[in-house]
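Here is a walk through one protein structure, meant for a reader meeting it for the opening time. The sequence and the model are shown below, and the text then takes up a few parts in turn.

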Amino acid sequence: HDCGVDSASKERYHIDPEFDETKSGTFKQAHCRPKYASQHGPESKCSLGDCIYDNEEKNFCTMSAMYAEGSSWTAKESSDIVYPSGPHNTGLEGTEALKEHGVGAGMGDITDDRPFDWMDFRLSFGCQTKITGMFNNQLEDGIMGMDNRAGAFWLQLHQHYKRLGFKKEDGDVFDPTKFSLCYDRQPTSLDLAAGVGSGQLTLGGSDSLLHHTPMVYANNVSPSMGWYTVRVKAMFLRPNAGRLGDAKPHTKYYRVDATEEHLNGRPGDRSGIIVDSGTTDTYLSESLKSAFNDAFRKALDDPSAEYHNDPIELSKDDLKHMPTILIVLQGHDKSKLTGTQPDPSIAVGLVGHPNHHREMTRTSSNHKSQNDVNEHDVVVAIPPDHYMEESRTHPGVYVSRVYFNERFGAQNIFGSNFIMGHEVLFDNGMGRVGFAESHCNYDKYLSESDALLQNEERRTEATVESNQPPAELVGANDDLHSSGWNRKAHEIGGDLRFPG
């Protein structure tokens, strides 16, 4: 049946209609040939899926995935031409249109006569033929892999770079081994039928225009495993909600009194919790629940309080009195050595900030755990309006989406409610994960970005008329100004959007 359509009501769940591959001049389905069919020619392997071969006319590469909550999808490996830039809300058709609109502007030019079209590349992916569970009625058309494994979007883009001879040089803003995600919390009353702006994806790095706090870097403890895995060194609860900088003087922090192996859900110095944007909620070890509950009661100043995941009625004022969960992550030593980790005196996201987090470095003989946190470890805040989710059908009813139900030794997950309210940088080249608090509101970002570019244009025009060198623009996004995106934007004009 038609994917994403209710069979009874014919209501369409997905934001786009089903793709008709016969109408595309660039779409290709992958074919294969196993060794046992060598009489027809050499073996031809699938790049992502598994080969299904009946004969030379009937063969394809199949892909599938099943998720813990029961949803699944099946797909045929395919490929099509993609480009990571262009007009904001409309697609482009044809090579001439791509060149005219400057697709790939600022990503870097291979030669003078090929300024734009080199950024178009053939992406291999799975074209879904069957979906079940949550994939049936979700708004999104599919799911995009960004982990550190073959087939990931960012890795295919990086490989395209290398095939064309691109080498990143010192000072280049765009780095194809990096990408950032910024998730916004949308009001529950929004009509999802027309789509909803829930944040943004930035390829090639991060965008400081989004940052409310300096970006700080945690260690990816197992980069070769494919996941983005961070090591938890401590966990605290801070009363009365708020983000990192909202703590009042002398605010009390309540430690979740557990050892590092229980905080991370498994033994071993290289174990940790994966940061997974494709998982909605956060799942931690069941062995943490008792210690978390003790800290939860203290943070609420209510000995009878019980942390749970059942629906509960809360007013907006009640929500503001729920505690913020503070996660302390192992800092990235190489960032400290290279000077890319900011100084703790100016970065509220580091344990060593002088006006915050002092409680984290204090130990007590009453604590079962004496966790070794240091000033360069990273602090990530999960305020209650991120981990408490309001019902869409029953306003005022909330459910906590941080679950303590993973058996010890299983893989724990920080889901999208952990990412929410941050621009999170996934830096595969440096083996680190960066965090900066952000509004993540894409419409607001566009307005601020456009205003910044207009101010720079006016400043440039004024300095040209006065024949004076440009003055420093206060509050400017240095990454944006130094990037090729900005230079090409002035050359091309038009409705281009830049990822920073």
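**Disulfides and their surroundings**

The structure holds three disulfides. The model is a predicted one, and the links are described here in chain order.

One of the disulfides joins Cys 32 to Cys 51, with an S to S distance of 2.2 Å. Cys 32 lies in the loop between strand S1 (28-29) and strand S2 (50-53), while Cys 51 lies in strand S2, so the pair ties together parts that are 19 residues apart in sequence. The torsion about this S-S bond of Cys 32 and Cys 51 is about 85 degrees, so the disulfide is right-handed. Cys 32 is buried, with a relative accessible area of 4%. Cys 51 has 31% relative accessibility and counts as partly exposed, because buried requires a value under 20% and exposed a value over 50%.

Cys 46 and Cys 61 form another disulfide, and their sulfur atoms are 2.1 Å apart. Cys 46 sits in the loop between S1 and S2 and Cys 61 in strand S3 (residues 59-66), so this pair ties together parts that are 15 residues apart in sequence. The torsion about the S-S bond of Cys 46 and Cys 61 is about -85 degrees, so the disulfide is left-handed. Both Cys 46 and Cys 61 are buried.

The remaining link is between Cys 182 and Cys 440, whose sulfur atoms are 2.1 Å apart. Cys 182 lies in strand S6 and Cys 440 in the loop between strand S22 (432-437) and helix H10 (442-466), so the pair ties together parts that are 258 residues apart in sequence. With -75 degrees about the S-S bond, the link of Cys 182 and Cys 440 is left-handed. Cys 182 is buried at a relative accessible area of 0%, and Cys 440 is buried at 0% as well. Counting bonded cysteines along the chain, the disulfides follow the pattern 1-3, 2-4, 5-6.

Strand S6 also takes part in the packing of a helix. The buried residues of H3 pack against strand S4 (72-82), strand S5 (121-132), strand S6 (178-183) and strand S7 (199-203). Helix H3 (residues 153-163) is mostly covered, with eight of its 11 residues buried. Among them are Phe 153, Trp 154, Leu 155 and Tyr 161. Gly 165 follows H3 and has a positive phi, near 85 degrees.

Val 328 has a relative accessible area of 0%. Beyond its neighbours within four places in sequence, Val 328 is in contact with residues including Arg 231, Phe 236, Val 351, Met 360 and Asp 377. Val 328 and Met 235 are 93 residues apart in sequence, yet 6.0 Å apart in space, C-alpha to C-alpha.

A sheet comes next. Three strands form an open sheet in the order S14-S18-S17, and the pairing is antiparallel. Strand S14 (312-313) and strand S17 (388-390) stand at the edges with a single partner strand each, so one side of each is left without a neighbour in the sheet. Three bridges join S17 to strand S18 (residues 397-400). In S18, Tyr 398 is the bridge partner of Glu 390.

Finally, the chain as a whole. The secondary structure comes to 12 helices and 22 strands. Of the 500 residues of the protein chain, 48% count as buried. The chain exposes about 25500 Å², of which carbon and sulfur atoms supply 48%.

Methods: Residues numbered from 1 in each chain as written. Predicted model: local features only at pLDDT ≥ 70, side-chain atom pairs only at ≥ 80, totals over all residues. Heavy atoms only, no water. Pairing = 2+ DSSP bridges. Helix = DSSP H or I, 4+ residues; strand = E, 2+ residues; numbered from the N terminus. Buried < 20%, exposed > 50% of the residue type's maximum accessible area, 1.4 Å probe, protein only. Contact = heavy atoms within 4.5 Å. Areas by Shrake-Rupley, 256 points an atom, 1.4 Å probe, with all protein chains shown as cover. Disulfide = S-S within 2.5 Å.
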